[in-house]
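Student: I've got this one open on my screen. Could we go through the contacts together?

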There are 4 protein chains.
Amino acid sequence: MKPEARKKLILASAKRLFSRGGYYQTQISDIIKDAGIARGTIYQYFSNKEDVFVTLLEQYYSQWEESISLAAADINLENVDPVDYFRHRIKRTLVFFSKDKDLCNIALRVGLGLPGDMALVIKRFEERIIRLLIGDLDLGISNGHVRQDLNVELTANLLAGALLSTAYHFFSQDADQAKPLDINKTTEDIIAVFAPGIFTKPYKKQSE
Amino acid sequence: MKPEARKKLILASAKRLFSRGGYYQTQISDIIKDAGIARGTIYQYFSNKEDVFVTLLEQYYSQWEESISLAAADINLENVDPVDYFRHRIKRTLVFFSKDKDLCNIALRVGLGLPGDMALVIKRFEERIIRLLIGDLDLGISNGHVRQDLNVELTANLLAGALLSTAYHFFSQDADQAKPLDINKTTEDIIAVFAPGIFTKPYKKQSE
Amino acid sequence: MKPEARKKLILASAKRLFSRGGYYQTQISDIIKDAGIARGTIYQYFSNKEDVFVTLLEQYYSQWEESISLAAADINLENVDPVDYFRHRIKRTLVFFSKDKDLCNIALRVGLGLPGDMALVIKRFEERIIRLLIGDLDLGISNGHVRQDLNVELTANLLAGALLSTAYHFFSQDADQAKPLDINKTTEDIIAVFAPGIFTKPYKKQSE
Amino acid sequence: MKPEARKKLILASAKRLFSRGGYYQTQISDIIKDAGIARGTIYQYFSNKEDVFVTLLEQYYSQWEESISLAAADINLENVDPVDYFRHRIKRTLVFFSKDKDLCNIALRVGLGLPGDMALVIKRFEERIIRLLIGDLDLGISNGHVRQDLNVELTANLLAGALLSTAYHFFSQDADQAKPLDINKTTEDIIAVFAPGIFTKPYKKQSE
DNA sequence: TATGAATGAGTATTCATTCAT
DNA sequence: GATGAATGAATACTCATTCAT
C-alpha cells in the first residue's frame with residue numbers, strides 16, 4: 001500500500017471514531033484496530049494523537065475555505081440580488097456540513113476540554129465564519145442592502161450560532177436519520193426567518 | 001464548617017476548573033487543591049468525578065428551569081404584545097447565561113467526548129430550550145401573531161443555536177472582557193434581526 | 001448501654017462479617033453499620049481493625065482451651081479405655097467447632113494472606129492442637145495402648161488435618177444445611193477409621 | 001525475550017510472593033519489581049491482579065489433575081492389592097505437593113477472604129480431591145476390599161483433610177527445613193494409620 | 001517501512017484512623 | 001463516652017509513546 005493511501009486509511013478510521021466517542025474516549029488502540037495496522041505504524045504518519053485530530057480538523061477547515069472561495073467565484077457581486085447572495089451562502093454552508101456527518105460532529109461539538117492548541121483550532125474555525133459574515137454584512141451596509149442600524153457583530157454571531165447548531169442538529173451522527181433534510185427548502189426557510197430583519201428591501205419568497 | 005457549606009465550596013472550585021480546562025483536563029487533585037481540602041473529603045460529598053460534574057450541570061439546568069418559569073409567571077399572556085413577549089424571553093435567556101460565566105462555559109461548550117451519560121445531560125438541556133421555543137412559536141401561529149408558513153422546528157433550532165452560541169461568545173470566560181455587553185441593547189438588536197422574519201405584525205423598534 | 005455489652009455487640013457483628021467475607025473484604029464501615037454504632041466508637045473498644053479480628057480469634061482459642069481442659073477434667077486417665085478416651089477427645093472437638101459456625105469459618109480457613117501477626121495467631125492454634133495430640137499419643141505409647149512404631153508427629157498432623165478440615169466441611173457457614181450432622185455417629189465413624197491403625201488393642205464398635 | 005518466557009517469569013515472581021504474603025499483601029509493585037519488568041508490562045499478559053492469581057491456581061490444579069490421571073494410568077486396577085493402590089495414591093499426592101512448596105502454600109492455605117470467584121476456584125480443588133477419594137472407597141466396598149459399614153463421605157473428608165493439612169505442614173515454605181521428609185516412609189506411616197480402619201484385609205507392613 | 005512488546009508517568013479511588021465537638 | 005467529618009497514604013490500572021527487530 002502506498003504511504004498516502006495508508007495515511008488516508010488512518011484518518012478515515014480516526015474520523016469515524018473521534019466522531020462517535022470524542023477525543024478523550026477514542027484510544028490510539030481503537031484507531032489502529034479499526035485501521036488494521038500495527039501500533040507503531042500510526043507514528044510513522046502522525047507525531048502523536050493530537051496530530052491525528054488536528055490534521056482531521058485542518059483538512060476539514062481547508063475544505064471549507066475552498067468551498068467558500070468557490071462560492072465567491074461563481075457569483076458576480078455587482079449584479080446579484082443581496083437576498084440571493086445570502087441564500088447562496090447559507091445553502092453552501094448547509095451543503096458543506098451535510099457532506100460529512102462525522103466531521104460535522106467533530107467540528108461543531110468538540111471544543112472545550114481539549115488539550116493544548118486543539119480547542120484553539122476549533123475556535124478559529126468559528127471565528128473565521130463569523131468574520132466572513134461580518135464582512136458580508138458590512139458590505140451589505142455600504143451597498144445599502146442591509147439595514148444601517150444592524151448590530152453587525154451580534155448578527156454575525158447569531159447567524160453563525162444558528163447555522164452551526166442547526167447543522168449539528170440535523171446532520172450529525174445522532175440526528176434523526178428518518179427524516180432527511182431538504183436543503184433547498186431548509187435554506188429558504190432560514191432566509192425567510194433572517195432576511196426580513198437584515199435587509200432593507202422587502203423579502204419575497206423564492207418561487208420554486 | 002457545615003457540610004452543606006463544604007459541598008458548595010467543592011462545587012465552586014470544580015466549576016471554575018471545569019470551566020477553564022474541561023472535564024478531562026481537570027483532575028481531582030486540582031479541585032481539592034483549589035478547595036483546600038483533603039483527597040478523601042471530596043468522596044464524602046460526591047461518589048466520583050463524574051458526579052461532581054453532573055451535579056454542577058443539573059444545578060445549572062434546574063436554575064434555568066426556575067428562571068424560565070419565573071419569566072412565564074410575570075407575564076400576562078392574554079394582553080402582551082407578541083414581540084414584547086419574544087423580547088422578554090430572549091432577554092431572560094441572555095441575563096441567565098450572563099450571570100455565571102463559568103457555568104456558561106461548561107454548559108454551552110462541553111458536549112461530545114464526555115463519558116457515560118454526561119453528554120446526554122447536556123443534550124437534554126438544549127432539547128429543552130428548543131422544545132420551549134417550538135411551543136412558543138406554535139402558540140404564536142394559532143394566535144395569528146406568527147407567520148403561518150414558518151418552519152417551526154427549524155426556526156426553534158436557529159433561535160436556540162443563535163442564542164446559545166452568542167451567549168457563549170459574549171459571556172464565556174474567554175470573551176473579550178474589555179467590552180461588557182449591554183443586555184438591553186443586545187436583546188433589542190436580536191429582536192430586530194429575528195422579529196421581521198417571524199411575526200406577522202410589522203416590527204417597530206422599542207423606544208428607549 | 002454498658003461498655004462490655006457494646007464491645008460484645010461489635011464483636012458479634014465483626015464475627016458474622018469476617019466469617020462471610022474474610023478479613024480484607026470486611027470493612028470497618030461494614031462492622032459499624034451492622035453494629036449500629038458510630039465510626040469513632042469502635043476505636044474506643046479496639047485499637048484497630050486487626051485488634052478486632054485477633055480478639056475474636058483469641059476468644060475462640062481460649063474457649064477451645066477451656067473445652068479441652070474440661071474434657072481432661074472429667075476423665076480418669078487411669079481406668080479409662082484408650083479408645084474411649086480417643087472417642088471423647090474427638091467428640092469434644094467436633095462439638096466445639098459445631099457450636100459456632102462463624103468462628104469455625106474464620107479459624108479454620110483464614111490463614112495465609114493476613115497482615116502482621118494474625119496468621120501467626122491462627123497457626124499457633126493448629127500447633128496447639130497438634131501438640132496436644134502428640135502428648136496423647138506419646139502417653140498411649142508408654143501405656144502400651146498405642147502402637148510402638150507409630151509415627152507420632154505425622155499421625156498428630158493427620159488427625160488434626162482430618163478433624164479441622166472435616167469440621168470446616170460440615171460445620172462452616174457454607175456447609176450443606178440440609179443434612180445436619182449426628183455428632184455421636186460421626187465421632188464413632190471417625191474412630192472406626194483411625195482406631196485400628198493407632199491402637200494395639202483390636203477396635204470394637206461401640207454398642208449404641 | 002519471547003512472550004511466553006516473560007509470562008512465565010511473571011508467574012514465577014507472583015508465585016513466590018503470593019506464597020509468602022498472600023493475595024492482599026502482595027502488591028503489583030512487588031511482582032513487577034521482583035520480575036524486573038515495567039508497570040505496564042504485567043497488564044500485557046494478565047488483565048488484572050486477580051487474573052495472575054487465578055492463572056497460578058488453575059495451572060496448579062491442572063498439573064494435579066494430570067498427576068492424578070497418570071497415577072491411575074500406570075496401575076492395573078484388576079490385580080493390584082488395595083492397600084498398594086491406596087499407598088500409591090497417597091504417595092502421588094504427597095509427591096505432588098512436595099514438588100512446589102510455594103504453590104502448596106497458596107493452594108492449601110488461602111481460601112476465605114479472597115475476592116470474587118477466587119475462593120471458589122480453591123474450594124473446587126478440595127472438592128475434586130474428596131470426590132476422587134469417594135470414588136476409590138466406593139469401588140473398594142463393591143470389591144469387598146473396604147469395610148461395608150465405612151462412612152464413605154466422612155472418610156474421604158478425613159483423608160483429604162489429613163493429607164492436605166499434612167502436606168502444608170511438611171512441605172510449605174514455612175515448614176521446618178531442617179528435617180526434610182522421607183516421602184516413602186511418610187507414605188507408609190500414613191497407610192499404617194488409615195489402612196486398618198478402612199480395609200477388610202488385615203494390614204501388613206510393607207517390607208523395605 | 002512495519003511491527004508490537006515494553007514502558008512508566010499519570011490518576012481516580014479506597015479505607016483505616018484521627019480528633020474536634 | 002459517643003460522634004462522624006476530615007484525613008492522606010496507599011494502590012490498581014491506563015494508555016500514549018518508544019524502539020529494537
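What follows is a chat about the protein and DNA contacts.

Tutor: Before we start, this is a predicted model in which local features need pLDDT of at least 70 and side-chain atom pairs count only at pLDDT 80 or more, while totals for chains, interfaces and linings use all residues. Residues are numbered from 1 along each chain as its sequence is written, chains are lettered from A and ligands numbered from 1 in the order in which they are written, and side-chain values use heavy atoms, with hydrogens and water left out.

Student: How many residues of chain A are in the contact with chain B?

Tutor: Contact here means heavy atoms within 4.5 Å. Chain B puts in 47 residues, and for chain A the number is 47 residues.

Student: And what area is buried between chain A and chain B?

Tutor: Buried area is the accessible area (1.4 Å probe) that two parts lose on being put together, summed over both. Carbon and sulfur atoms give 58% of it here, and the area is about 3,700 Å².

Student: How many residue pairs are in polar contact between chain A and chain B?

Tutor: Let's set the rules out. A salt bridge needs a side-chain nitrogen of Lys or Arg within 4 Å of a carboxyl oxygen of Asp or Glu, and across this interface the rule finds zero. A polar contact is a pair of N or O atoms within 3.5 Å; within protein, one must be able to donate a hydrogen and the other to accept it, and residues adjacent in sequence count only if both atoms are side-chain atoms. With both residues at pLDDT 80 or more, the count between chain A and chain B is four.

Student: Which element gives the largest share of the side of chain A that touches chain B?

Tutor: Helices (H or I, at least four residues) and strands (E, at least two) are DSSP runs, numbered from the N terminus. α1, α6, α7, α8 and α9 of chain A each supply at least two residues. The largest share is 12 residues, and it comes from α8(A).

Student: Now inside chain A: how many salt bridges are there between domain 1 and domain 2?

Tutor: An automatic or database domain assignment sets the bounds, giving domain 1 (1–46) and domain 2 (50–198) in chain A. These domains bury about 1,300 Å² between them, 71% of it on carbon and sulfur atoms. In chain A, Asp102(A) forms a salt bridge with Arg20(A), the closest N and O atoms being 3.4 Å apart. Between the two domains of chain A, the count of salt bridges is two.

Student: On to the DNA. What is the distance from a phosphate oxygen of DNA strand E to an N or O atom in the side chain of Thr41(A)?

Tutor: A residue is near a strand if one of its heavy atoms lies within 4 Å of it, and 27 residues surround DNA strand E, with Thr41(A) among the closest. For Thr41(A), the distance is 2.6 Å.

Student: Which residue has a side-chain N or O atom 2.8 Å from a base nitrogen of DNA strand F?

Tutor: Of the atoms of DNA strand F within 4 Å of the protein, 62% belong to sugar or phosphate and the rest to bases. The base nitrogen, though, is 2.8 Å from the side chain of Gln44(B).
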